[in-house]
Amino acid sequence: MLIVSLSLIACLFYTMATSHVLSRLFDKQGPNQKKTLILSTVAILTHMLVLVNSVFTHEGQDLSTVNVALLTCWVIVVSVTTVSLRFPATLLLPVVYGFAAILLLASLFIPHHIVMHTINVDVGLVLHISLSLLAYCVLIIATLYAIQFMFIDKRLKQRDLAIMTSHLPPLMQVERQLYQLLFVGTGLLTLALASGFYFLDGMFAKETIHKTILSIIAWLIYVVIAFGHKQFGWRGKPVVISIIAASGIVTLGYFGSRFIQEVILGRF
C-alpha cells in the first residue's frame, strides 16, 4: 500500500510539473523555474522512496525489469533536471516528467512478480552494471537532445515566429550539447562492453547473446557517427535519425527480452 501511495504522489507531481512546463512552452519568459523545481523535486524524492521500498526489502533486492526501468528513469530525470538549472531544457522536461509519470502509474498495473535476490558483490560485475547504466542514461539524454534538435530545426525551417520568440534554446547550442553527450555516452558504452568482456564469462551465452549483439550493433553506429562528426563534420537529420535508431536498438537489447520474459510470459 505504501508503494502504491508513493507512486501516485510522484505521478501527480510529475504531471503537475509537465503541465506547468507545457503551458509556457512557447512563452518568451519560459516556465517559472522555481515552481518547476519545487514540483519536480517533490516528484523526484517521492520517486526515490518508491525505488527504495521496491528494490530493497528485508528478503533481498528486487531487480525485476519494472524496477530497473524505474531506476533508469529516475537517473535520467535527475540528470535532465540538473542540466535545466544551467541550460534551457524546456522541451526535454515535459518529456522526461511525462514519461516518469506514465511509467510509475503503469508499474502499479503491469503484472510482475517480486523477484528477490541476494546480490553477490563482485567488483567486475558491479563495474560493468554501473558503466552500462550510466552509458544508457547518457545516450538516452543525447537521444532526447536529438529529438529536440529535430523539433526546433523543423519549426525554424517553417519560419514559425513562435519558436523564434520562445524560451527554447538556440539550435546550435542544442546541437553542440547533443554531440558532447554522444561522445561521453559512446565512451561509457565502450568501457561497459570492455568491462563485460573482461570480467564476465557469459557475454555470448545463449540467454545473453542477443543483448550483447544488439549492444555491439548500437555501439558501432554510435562510434561511426562520433567519428564522422569529428573527422568529416557529419551533422543534420540523417545523423540525428541514426542516433535515435541506435538508442532504440540498445533499449531493445536490454529491456526487450526481459520485458517479454517477465511481463508477458511471466518467467522470473
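## Getting your bearings

Trace the elements from the N terminus and you'll read α-α-β-β-α-α-β-α-α-α-α-α.

Before going on, keep in mind that this is a predicted model, where local features need pLDDT of at least 70, side-chain atom pairs count only at pLDDT 80 or more, and totals for chains, interfaces and linings use all residues. Residues are numbered from 1 along each chain as its sequence is written, and side-chain values use heavy atoms, with hydrogens and water left out.

Of the 268 residues in the protein chain, 44% are buried. Buried means under 20% relative accessible area, exposed means over 50%, and partly exposed is in between (1.4 Å probe, protein chains only). Now think about contacts, meaning heavy atoms within 4.5 Å. Among contacts between residues at least 6 apart in sequence, 79% join residues at least 24 apart.

## Stop 1: a pocket

Select Cys-73, Phe-99, Leu-103, Tyr-136 and Phe-255: of the 21 residues lining the second largest pocket, these lie nearest its centre. The volume of this pocket is about 490 Å³.

How do you find a pocket? Rolling a probe the size of a water molecule over the atoms shows where empty space is left. On a 1 Å grid over the protein atoms alone, a pocket is an open set of points where a 1.4 Å probe fits, with protein on both sides within 12 Å along at least five of seven lines; lining residues have an atom within 4 Å of a point. Grid points are joined across faces, edges and corners, and the volume is the space filled by probe spheres set on the points.

Which element gives the most to the lining of the second largest pocket? Colour helix 3, which supplies 7 residues. The lining residues split into 17 nonpolar, 4 polar and no charged. In this count, Ala, Val, Leu, Ile, Met, Phe, Trp, Tyr, Cys and Pro are nonpolar, Asp, Glu, Lys and Arg are charged, and the others, Gly among them, are polar. Domain 1 (1–118) and domain 2 (120–267) each give at least three residues to this lining; the domain bounds come from an automatic or database domain assignment.

## Stop 2: helix 7

Jump to helix 7 (residues 171–199) and pick Gln-177. Is Gln-177 buried or exposed? Gln-177 counts as buried because its relative accessibility is 7%. Not counting residues up to four places away in sequence, Gln-177 touches Phe-87 and Tyr-145.

Val-184 is in helix 7 too, but is partly exposed, at 46%. Its C-alpha atom is 7.4 Å from that of Val-138, 46 residues apart along the chain.

## Stop 3: helix 6

Next, select Ile-163 in helix 6 (residues 161–164). With 6% relative accessibility, Ile-163 is buried. Leaving aside neighbours within four places in sequence, Ile-163 is in contact with Phe-26, Phe-151, Arg-155, Leu-156 and Leu-168.

## Last stop: aromatic rings

Finish with Phe-227, Phe-232 and Trp-234, which form one aromatic cluster. The structure holds 6 aromatic pairs. Phe-227 and Phe-232 make an edge-to-face one, 5.9 Å centre to centre with 75° between the planes. Rings of Phe, Tyr and Trp (its six-membered ring) pair if their centres lie within 6.5 Å; planes under 30 degrees apart count as stacked, over 60 as edge-to-face and the rest as tilted. Phe-227 is partly exposed at 48%, while Phe-232 is exposed at 58%.

Notes:
Helices (H or I, at least four residues) and strands (E, at least two) are DSSP runs, numbered from the N terminus.
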